[in-house]
Amino acid sequence: MSKRKKTMKILLVVPSNIKYHHPIIPLGLLYIGTALTKINIKYEFCDLNFHSNPFESLKSELGQFQPDIVGFSIRNIAETSRMNNIYNELFEIVSVAKKFAKIILGGAGFSIFPKEIMAITKADYGIIGSGEEAFIYAIKNNNTLPKGSIISIIDKSFRQSDISGSMQKYWNKYGKYFLFNNVSIPIQTVRGCLYNCRYCPYPYLSNHAIQERAIEVVIDEINKSIEITKIKSLYFVDSVFNLNLSYAKELLREIIRNKFDIRFTCNINPINYDEELIRLMVESGCENCEVGIDSFADSQLKAMNKGFNSYQARFLLEQLEEFNLPYNISLILCGYLETERSLTETFKIADSYRNIKINAFIGERVYPQTPLSKELSVVSEESLYMAVKDSIHIENSVIPLLKTFISQASSKRWHFVGGVEELSI
C-alpha cells in the first residue's frame, strides 16, 4: 500500500507591532490566504498583536499546527523619527519559528530592506512586493530554491482576487479585538502608483506596475466584508484613491447604486479630480479624506516631483470645503532643500485653514531605491545601522525658524511628528 502524500501546511504570522500602531487587519496576508486556498493548501493565521506572550503563543501555535512553512508579514519598519524595534523582535520571533519550519519573509517593511533583514534573520526566502504568486512559487520550489533567495513577481491575480474566505478565517479568530478598538475594514482597489515622489519607495515596491481590481470584485468584497464583520466603516488603503479619475468615479457610482450604508476614508491628491468626484465621494459615504500635499511652496513641490503646484493644492481644499467634505492634510517640513522662505510660505498657508487637522512630519525619510536616496548618495541597502541612524534628512539651517512656528501653532489643529523629538521645544 502506497503512503498518502502529506498535505503541506502554512502558518501566516503577523509580528507584534501594536505598541507602535493601532491594530490593523493584515490585508497582504489575506491575499496570501486566498492564493493558498486556490491550490488547496491548508493554512492558519497567527496575529501576535493579540497574544499577551507572543513568543510562547507562537511556540504553542507551531507545536499544535506543525506547519511546513511559516510566512511572516513585516508591514512597518519605522515609527516617526527612528526605526522601531521590530527588527530585534523579528529576529527573536523568527529564531523561534526556525526550529519548527522553513521561513518566508515579506511585506512592505521587508521589501524596503530585504537584504538587511535576510542577513539578520537568516530566513530561508524573502519576497519583495506583492506576495501571492511569489509565495506560491517559493513553497512549490522550497526543496530546490537556494536558501536566502529573494523573489519578486508581478502578481496578476489581484484584479480578480476574492479575499472573503480568508477574511472570514481571520475574523473568526481575531475579529473581537477589532470590534473593541473600533477599527475600519481595509479595502484595496489599486496596486501601484503613477507618480514618482522623490522620497517614496512605493513605485519600486510595486515594480512600477499599475493594477486595478475589477469594480464588481471590489463591490462584492465590500458587501461580503460587511456581512462578515458587521462593520460599516471602511478605509480605502490605496496610496492615491483618485489615481484614475474615471475608475474612482465608477466605483463610487456603484457604491451608491448598491445603496451601501457605509462610511469611508481615503487618500487623495490635487491632480486627478473634478467636482463630480467630490460630489460622488460625499454621496457615497466619504466621511474624511487625507490630502497628501507635503508643501505649499512651489519650489519644494517641484523638487519633490509632486506633479502639482500650490495653487492646485489650495483649489482642491476650497472644493472640499465647498462640498462640506471633511479632510486633513499632510506636510513635510524641513525636508531636503527646504529654505526659510519655503517653510514660511507653507506654514502661513496651512495655518490659514482654521477648520482642518494638519499632520506635519519633520524631516524627510530617506528610503533606498528612491530619487531622494540617489540625490543624497545614501546607499542604505549596505548597512542596517546606516538605515537606522540616517533615515531622516533634516535641513538644520531652518530648524530655528521651525521652532518659532511650532511654538505659535495651535495644538488642536497641528500635529507634529518625526524629528520633533530632537528639537527640545
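Me: What should I know about the model and its numbering?
Reply: The model is predicted: local features need pLDDT of at least 70, side-chain atom pairs count only at pLDDT 80 or more, and totals for chains, interfaces and linings use all residues. Residues are numbered from 1 along each chain as its sequence is written, and side-chain values use heavy atoms, with hydrogens and water left out.

Me: In what order do the seven strands of the open sheet lie?
Reply: Strands (E, at least two residues) and helices (H or I, at least four) are DSSP runs, numbered from the N terminus. Two strands pair if DSSP finds at least two bridges between them. Here the order is β7-β10-β11-β12-β13-β14-β17, with parallel pairing. The edge strands, β7 (185-187) and β17 (414-418), each pair on one side only.

Me: How many bridges join β14 and β17?
Reply: Strand β14 (residues 357-362) pairs with β17 in the parallel sense over five bridges. Asn359 has His415 in β17 as its bridge partner.

Me: What is the order in the sheet of six strands?
Reply: That open sheet runs β2-β1-β3-β4-β5-β6, and its pairing is parallel. Its edge strands are β2 (42-47) and β6 (149-151). Within the sheet, two bridges join β4 (residues 102-106) to β5 (residues 125-127), and Leu105 is bridged to Gly126 in β5.

Me: At what angle do the axes of α1 and α7 cross?
Reply: Axes are lines fitted to C-alpha atoms, for helices over the stretch in contact, and angles run from 0 to 180 degrees between N-to-C directions. The axes of α1 (residues 27-38) and α7 (residues 164-181) come within 8 Å and cross at roughly 120°.

Me: Which residues meet there?
Reply: Contact means heavy atoms within 4.5 Å. Leu30, Gly33 and Thr34 in α1 meet Ser166, Met167 and Tyr170 in α7.

Me: How many cavities of 30 Å³ or more does a search of the whole structure find?
Reply: On a 1 Å grid over the protein atoms alone, a cavity is a set of points where a 1.4 Å probe fits but cannot get out; lining residues have an atom within 4 Å of a point. Grid points are joined across faces, edges and corners, and a volume is the space filled by probe spheres set on the points. The search finds one such cavity. The largest cavity has a volume of about 30 Å³.

Me: Which helix supplies the largest share of the lining of the largest cavity?
Reply: Helix α9 does, with four residues. The lining includes Met167, Glu221 and Lys224.

Conventions
1 Å grid on protein atoms, 1.4 Å probe; cavity = no way out; pocket = protein on both sides within 12 Å on 5 of 7 lines; lining within 4 Å.
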